[in-house]
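Please look at the structure shown here and follow the explanation below with the model in view.

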Amino acid sequence: MAYGPKLLDHYNNPRNVGSLDKSDPTVGTAVVGAPECGDVMKLQLKIKGNIVEDAKFKTFGCGSAIASSSLATEWIKGKRIDEALQIKNTDIVRELSLPPVKVHCSVLAEDAIKAAIEDYQKKQQALAKQSNAQGDEEPK
Amino acid sequence: MKLPIYMDNHSTTPVDPSVLEAMLPYFTNKFGNAASRSHPFGWEAEEAVEKSRVQIGKLIGSGHKEIIFTSGATESTNIALKGTAEMTCEKGNHIITQVTEHKATLDSAKYLEKHGCQVTYLPVDQNGMVDPLDVEKAITPKTILITIMHANNEVGTIQPIGEIGKIAKKHGVLFHVDAAQTLGRLAISVDQMGIDILSVSGHKIYGPKGIGALYVRRTNPRVRLSPIVHGGGHERGIRSGTLNVPAIVGFGQACELASSLMDEESRRITELRDRLMKGIMGALPDVFLNGHPSLRLCGNLNLSFAYVEGEALMMGLNDIAVSSGSACTSASLEPSYVLRSMGKPEELAHTSIRFGLGRFNTEEEVQFVITRVVETVTKLREMSPLYEMAKQGIDLKSVQWDVPH
């Protein structure tokens with residue numbers, strides 16, 4: 001299969017490969033896919049004040065899956081949460097000129113963004129609940 | 001050293017220069033139709049075709065009259081299965097084969113199932129090997145054909161053809177062997193191995209594409225096959241159509257060459273293959289050999305690289321031509337059925353690469369491939385979440401994976 005130049009660039013020089021501290025309350029982590037399907041994408045976002053400050057990924061998958069996750073991290077950095085959630089798999093397909101059989105790689109990247117933000121929001125809600133609970137205990 | 005390096009010789013091989021040279025006159029000056037009995041143009045072509053039958057026959061230990069020309073091993077296999085089923089439908093309708101056969105066999109078998117045949121697909125062990133005892137147990141009074149490949153095209157496992165041949169003889173069942181991968185690489189003797197029908201191909205042994213042959217036993221027993229292409233009665237009525245004389249001449253020359261080179265060549269290629277295997281496995285942990293450790297085709301090396309997807313690896317090896325059992329390389333998005341039939345977990349199929357060494361590979365190329373593979377696998381593992389998890393001591397099998405689709 002012949003690939004487009006943008007896809008090859010992301011495969012050969014992937015952006016933002018790495019890991020963030022999973023236990024950090026400002027980091028949302030997503031692991032989507034499964035080894036037996038041939039794709040596993042791990043995406044981590046560090047979010048501060050509603051802004052995605054940093055993004056890191058690691059991907060087990062074909063070149064299109066690696067490029068899709070690399071592109072997603074590049075796009076998402078510096079965005080507000082609501083903007084990040086606007087990224088659609090079709091945008092990734094267009095940008096990387098993914099052939100039809102590789103569309104599922106872009107879907108996985110979109111799923112990863114959503115799941116990472118969800119994980120961050122859950123962590124924040126848990127924190128808020130915890131501090132509320134602590135607040136209730138305080139004598140008036 | 002010239003790039004890219006070709007290491008996909010199970011898929012096809014380049015035409016040997018001496019083969020091309022032998023073919024060229026038959027495109028121009030010696031263009032006659034081998035079926036023209038009335039003039040020298042035809043006689044010349046016929047003579048060349050007969051010489052090729054002798055050359056092919058010599059390589060498999062058969063008479064020249066037992067060689068039928070076809071367009072390739074796929075067509076030969078189609079004729080073997082469908083031709084036997086139609087010719088012997090009064091005796092029975094049961095065919096025995098096995099799960100890692102080439103699609104030419106499996107799809108022909110499926111076609112015959114739709115037309116009233118019963119097919120037994122024998123399992124293979126973890127090395128891809130069929131148990132001859134299973135073959136014997138599967139035989140019924142209705143069995144008309146046993147069809148087993150000589151060596152597998154993906155993992156290179158060599159089947160116990162001689163033993164299966166004896167069983168077939170004992171029970172009076174015809175025995176077809178798909179030898180597309182082994183002609184000119186392994187010794188074949190149709191008599192010693194008890195083979196009644198044999199499919200071979202030109203382009204796997206440095207001959208041209210579009211030419212193959214079917215060996216059809218003439219005595220003890222005399223095998224009769226119904227044709228699937230009708231018109232003109234060429235090739236003993238089994239395969240009509242004007243003969244592709246230049247390709248037939250090339251195929252014959254390729255066999256002649258293979259006869260003289262085989263012993264030395266398979267020794268040399270085995271050495272290169274072992275050097276490649278040791279070089280890669282010595283430098284990288286968690287690399288697994290697929291197929292039989294010793295009973296395998298000389299040029300075949302099929303490896304699974306844990307934590308690295310096969311297609312991504314091939315993309316990194318962009319100056320090396322190899323192939324992968326990964327789903328991403330197939331139109332169906334299914335990982336290799338051969339590896340799955342051997343009981344390999346799907347993730348190992350997704351991470352497999354097949355190296356196919358051949359006549360024109362050199363030591364220098366092998367060294368280059370080792371370096372590139374080690375470099376690329378290391379880089380891809382650094383960006384693999386599975387590798388990271390494994391390094392943290394997480395058992396990947398215990399993880400609850402999120403499968404979105």
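Predicted model: local features only at pLDDT ≥ 70, side-chain atom pairs only at ≥ 80, totals over all residues.

A:Asn50 sits in the loop between strand 2 and strand 3 of chain A. Its phi angle is near 75 degrees, which is a positive value in a residue other than glycine.

A second residue of chain A can be described in the same terms. A:Ser97 has a phi near 50 degrees, again positive in a residue that is not glycine. The loop that holds A:Ser97 lies between helix 4 (89–96) and helix 5 of chain A. A:Ser97 has 12 C-beta neighbours inside 10 Å and therefore counts as exposed.

Chain A contains 5 helices and 3 strands. Along the sequence they follow the pattern α-β-β-β-α-α-α-α. The C-alpha trace of chain A spans about 70 × 30 × 20 Å along its principal axes. Of the 140 residues in chain A, 44% are buried. Among the contacts in chain A with a separation of 6 or more, 63% are between residues 24 or more positions apart.

How do two helices of chain A meet? Two packed helices are described by the angle between their axes and the distance between the axes. The axes of helix 1 (residues 5–12) and helix 2 (residues 63–76) of chain A come within 8 Å and cross at roughly 85 degrees. An angle of 65 to 115 degrees counts as roughly perpendicular, and helix 1 and helix 2 of chain A are therefore roughly perpendicular to each other. On the side of helix 1 of chain A, the residues that take part are A:Leu7, A:His10 and A:Tyr11; helix 2 of chain A contributes A:Gly63, A:Ser64, A:Ile66, A:Ala67, A:Ser70 and A:Leu71. By class, the residues of this contact between helix 1 and helix 2 of chain A are 5 nonpolar, 4 polar and no charged.

Chain A also touches chain B. In this contact, 24 residues of chain A meet 24 residues of chain B. Which elements of chain A give two or more residues to the side that touches chain B? They are strand 1 (27–34), strand 2 (39–48), strand 3 (51–60), helix 2 and helix 5 (103–137) of chain A. The side of chain A that touches chain B has 14 nonpolar, 6 polar and 4 charged residues.

Now move to chain B and its strands. Strands of a sheet pair through backbone hydrogen bonds, either parallel or antiparallel. Strand 5 (residues 143–149) of chain B is mostly covered, with 6 of its 7 residues buried. Strand 5 of chain B runs parallel to strand 3 (residues 94–98) of chain B, and 3 bridges join the two. Here B:Leu145 in strand 5 of chain B is the bridge partner of B:Ile95. Strand 5 of chain B also pairs in the parallel sense with strand 6 (residues 174–178) of chain B, over 5 bridges. In this pairing B:Met149 stands opposite B:Asp178 in strand 6 of chain B. To get from strand 5 to strand 6 of chain B, the chain passes through helix 6 (residues 161–170) of chain B, and this β-α-β crossover is right-handed.

Another sheet of chain B is antiparallel. It is an open sheet of 4 strands in the order 9-10-13-12. Strand 9 (287–290) and strand 12 (323–324) of chain B are the edge strands, each pairing on one side only. Strand 12 of chain B is joined by 2 bridges to strand 13 (residues 352–356) of chain B, and the two run antiparallel. There B:Ser324 stands opposite B:Ile353 in strand 13 of chain B. Helix 7 (residues 245–283) of chain B lies across strand 9, strand 10 (300–305) and strand 13 of chain B, and runs at about 15 degrees to strand 10 of chain B.

Finally, consider two peptide bonds in chain B. The bond from B:Leu3 to B:Pro4 is cis, with omega near -5 degrees. B:Pro4 belongs to the segment before strand 1 (5–6) of chain B. The bond from B:Asn220 to B:Pro221 is also cis, with omega near -5 degrees. B:Pro221 lies in the loop between strand 8 (212–216) and helix 7 of chain B.

Conventions:
Residues numbered from 1 in each chain as written. Chains lettered and ligands numbered in written order. Buried ≥ 20, exposed ≤ 12 C-beta atoms within 10 Å, placed from the backbone. Pairing = 2+ DSSP bridges. Right-handed = clockwise from strand over helix to strand, strands pointing away. Axes fitted to C-alpha atoms, helices over the stretch in contact; angles between N-to-C directions. Parallel < 35°, antiparallel > 145°, perpendicular 65-115°, else oblique. Contact = placed C-beta atoms within 7 Å. Nonpolar A, V, L, I, M, F, W, Y, C, P; charged D, E, K, R; others polar.
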